[in-house]
Each structure stands twice: as structure tokens, then as C-alpha cells.
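Please look over the protein below. This report covers selected helices, contacts and charge pairs.

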Amino acid sequence: MRAVVYQGPHEVAVEDVDEPELEHPNDIIVDITTTAICGSDLHMYEGRTDADPGIVFGHENMGVIEEVGEGVSSLEVGDRVVLPFNVACGFCENCENGKTGFCTNVNPGFAGGAYGYVAMGPYKGGQAEKLRVPYADFNALKLPEGNEHEDSFALLADIFPTGWHGTRLADLQPGESIAIYGAGPVGTMAAYSAKIQGASEIYIVDRVESRLDLAEEHCDAVPINFEEADPVEQIKEQHGGGVDKGVDAVGYQAIDSDKEGDSAYDPARENPAVVLNNLIHTVRPTGQLGIVGLYVPSDPGAPDAMAGQGRLGIDFGKLFEKGQKLGTGQCDVKSYNRQLRDLIIEGKADPSFYVSHRVGIDEAPEMYERFDNREEGVTKVLLEP
């Protein structure tokens, strides 16, 4: 079958690989109808993780069940399903407590598993024609038959629940104000989630105008371009002080507008702590931060030795002084995906506005490059194997 395979920094290729097979009675094989390129994939694509060549990418996957193991009881051949990017067992202590992003059984020595991602277990990705899904009764979410809402349902694998998770880590309440750093897929979904949850004011920070425009149009967010002026001061000037809550949807490759480089996203401009520190100064005393931007314990391309070990220069004294709380960690998709699915079915939510491209899998190398360049108008790329 055809699949997107990592070759090395800034290089993927569509190659023939072995088709997946049932390995356990609880497995299913899914014929992939839609898979997506994620911002998290770019960390591997750029060589900013310890990923080895040969990984099949893809943790945002949906499709139709082609084969079921004899131990699967709630799913049948022909069912349309979307898969959380988390691989989880369903019965460890963390899974029982709803923390499926930190399952302790699927990836020995590590809390959490995922498809097609470095250090997240032996699970091949779904940027391919087919995918093996373990613990399928627990992991697969059924969808209505047919192809209605295909683009929106595809976003249930990761970015819509992860954006929602950012607002929940921040404990956003109706009527509160919120600032979201990053207008990429997760940041915009956080803004959209904040709108659905009744936020009174939403500010979103980025430098890509097409992304800011989408957040303004669909999320009622106030766009803040950090290249034009200090985003903290811009938000405080418009809001009249610190906002109630904040979300980091950027992570460790954050760009610092005070640094210069050969291009807008030159690694020389990186400051892994800049978004966290901006949030500390943006959010009011006793406010709360939700941190869903990816941070790693090892970064081969870090701007300095300390950051290379995942150690950041955070303004912890100011955080303490302001009595702020923070929540971190990848999204437990199963905590949200069923409810978000039903919002889509009932017409209460339609996150598909963020999808900019739906292309065949053979176009994956080109789209990785364009997405990595933060090209205007390239927001969310869906692939059809």
C-alpha cells in the first residue's frame, strides 16, 4: 500500500509499504478515507525530534472498517470511524480516570501512545491507505454512514478536541476573556471552542494574516499580529488590563519578534519560552493558563544547550507573584470527541472552515513543504490515500 514515509529532515516520500494485519483479537483494520498533516508532524519533518527515517506519519485518521478481530464486539465491517490520535488501552488507572493521553499500557516506559509519532510506541501512522487500530472497541468512535461532515469529523482526531482541551486546562468559564497564542490549527480551534463556550472576549496572536483572518471571521476573535508590536501590550491596551485565561497553542518552536533572521521562521529567531512568558504577563493575577503547544525533553535543533534538554527560562517568579495556575499535556481526545461529534451532527459546530486543502496522498511531500513554510492560505491539509 502507499504511505507517507519520513526520509530525513525536510523530506518525506510516498512509498509502498506492507499492509497492516490483525495482530490481536481486539484489533481492526481501517480503510483510510481522510488523514491530515498536523503541526506536530512538522517537528519530526524538520528534524527537531529524534525520529528515525522510515516512520510512517499520520496521527489524524478516519475511515471505514475493513476487517475486525474476533474479540471486537461493538464494531463491524463497514462502520465509519474516526480515531483519536491517542492509542489507549481503556483499563489502566489513567484510562479509567479519563486520561487516555497518558495510558501506561500501550507504550512501555512511557505514559501515552500515538500513531506515527516518535517515541509514542510501535504504531504506524495513517497517512496511508490502511491502518491497524489496537483496542478498537475503546479507541474507535463511530460516525454516521456516508460522507457527510467528512472534513469536520476528520478534525475530531486531534485539533478540535485539542483546542477544546486548551480551554479546559485554562478552566475557561462563560463570560470570561481569553488570549490564545498561535492561530494555527490548534490555536484557531481553541478560539472556536472559546466562542462555543461563551467567552466574552477572545484575542488570538500570530503573524500569518490568513490565519488571523479566519479566527476573526469564524471565532469572533480579535487578531493580534506579534510582528507589529508587543502582543502583551496590544491585548492589555484593547482589553484594559490582563485577560482572565490564556492558551499556549505554539510550543517550543515559538518565534520571538525581537530576534532577527534570514526569514520569518528562521530558527535563529526561536525563543522556546517566549509564549509562556507572554501568557504569564497577559493573564491577570489568579488567572489560569492552558498549555497544549508541544514541548519536548530533547530538541536536537534547539537555539541553546539548555533548551536542547527541554529546560526553559520561564518567568516563574512572576507566575508565583500573580498566583496563576497552569495545566499542561497532550489532549485526552476521548474526553471530548463524542460530544464534539454530536455538536457537528446537530449543526452546532462546523470546524471544517479551517480546512484549506484536500489532496491526494501523492501530493503529501509538496504540502508538507508548503505547510512547513507557513505559506499564506495553507491552514489545514487533508490527504486522501
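The model is predicted. Start just after helix α5, where D171 takes a positive phi of about 55°.

Helix α5 spans residues 159-169. Of its 11 residues, 10 are buried, so the helix is largely enclosed by the rest of the structure. The buried residues are I159, F160, P161, T162, G163, W164, H165, G166, T167 and L169.

What do these buried residues of α5 pack against? Two helices are among the partners: α6 (185-196) and α12 (337-345). Strands take part as well, namely β10 (177-181), β13 (243-248), β14 (283-291) and β15 (325-328).

**Helices α8 and α9**

Two packed helices are described by the angle between their axes and the distance between the axes. Helix α8 covers residues 231-239, and helix α9 covers residues 274-282. Their axes come within 9 Å. The crossing angle is roughly 25°. Angles under 35 degrees count as roughly parallel, and α8 and α9 are therefore roughly parallel to each other. The crossing of α8 past α9 is right-handed.

Which residues make the contact? From α8 come P231, V232, I235 and K236. They meet N278, H281 and T282 of α9. Sorted by class, this contact of α8 with α9 holds 3 nonpolar, 3 polar and 1 charged residues.

Helix α9 also contains N277. Is N277 buried or exposed? Its relative accessibility is 12%, so N277 counts as buried. Leaving aside residues up to four places away in sequence, N277 touches G313, I314 and D315. M189 is 88 residues from N277 along the chain, and the C-alpha atoms of the two are separated by 22 Å.

**Salt bridges**

Side chains of opposite charge can pair when their charged atoms come close. How many salt bridges are there in this model? The count comes to 25.

| Salt bridge | N to O distance | Separation in sequence |
|---|---|---|
| K142 and D79 | 3.8 Å | 63 residues |

E23 is exposed, with a relative accessible area of 62%. R132 has a relative accessible area of 16% and is buried.

D27 and R132 are both buried.

The side chains of K142 and D79 meet in another salt bridge. K142 lies in strand β9 (residues 141-142). D79 lies in the loop between β4 (61-68) and β5 (80-83), so the pair ties together parts that are 63 residues apart in sequence. K142 is partly exposed, at a relative accessible area of 38%. D79, at 17% relative accessibility, counts as buried.

Which residues join D16 in a network of salt bridges? R2 and D362 are linked with D16 in that network.

Methods
Residues numbered from 1 in each chain as written. Predicted model: local features only at pLDDT ≥ 70, side-chain atom pairs only at ≥ 80, totals over all residues. Heavy atoms only, no water. Axes fitted to C-alpha atoms, helices over the stretch in contact; angles between N-to-C directions. Helix = DSSP H or I, 4+ residues; strand = E, 2+ residues; numbered from the N terminus. Parallel < 35°, antiparallel > 145°, perpendicular 65-115°, else oblique. Left-handed = near helix turned anticlockwise from the far one by under 90°. Contact = heavy atoms within 4.5 Å. Nonpolar A, V, L, I, M, F, W, Y, C, P; charged D, E, K, R; others polar. Buried < 20%, exposed > 50% of the residue type's maximum accessible area, 1.4 Å probe, protein only. Salt bridge = Lys/Arg side-chain N within 4 Å of Asp/Glu carboxyl O.
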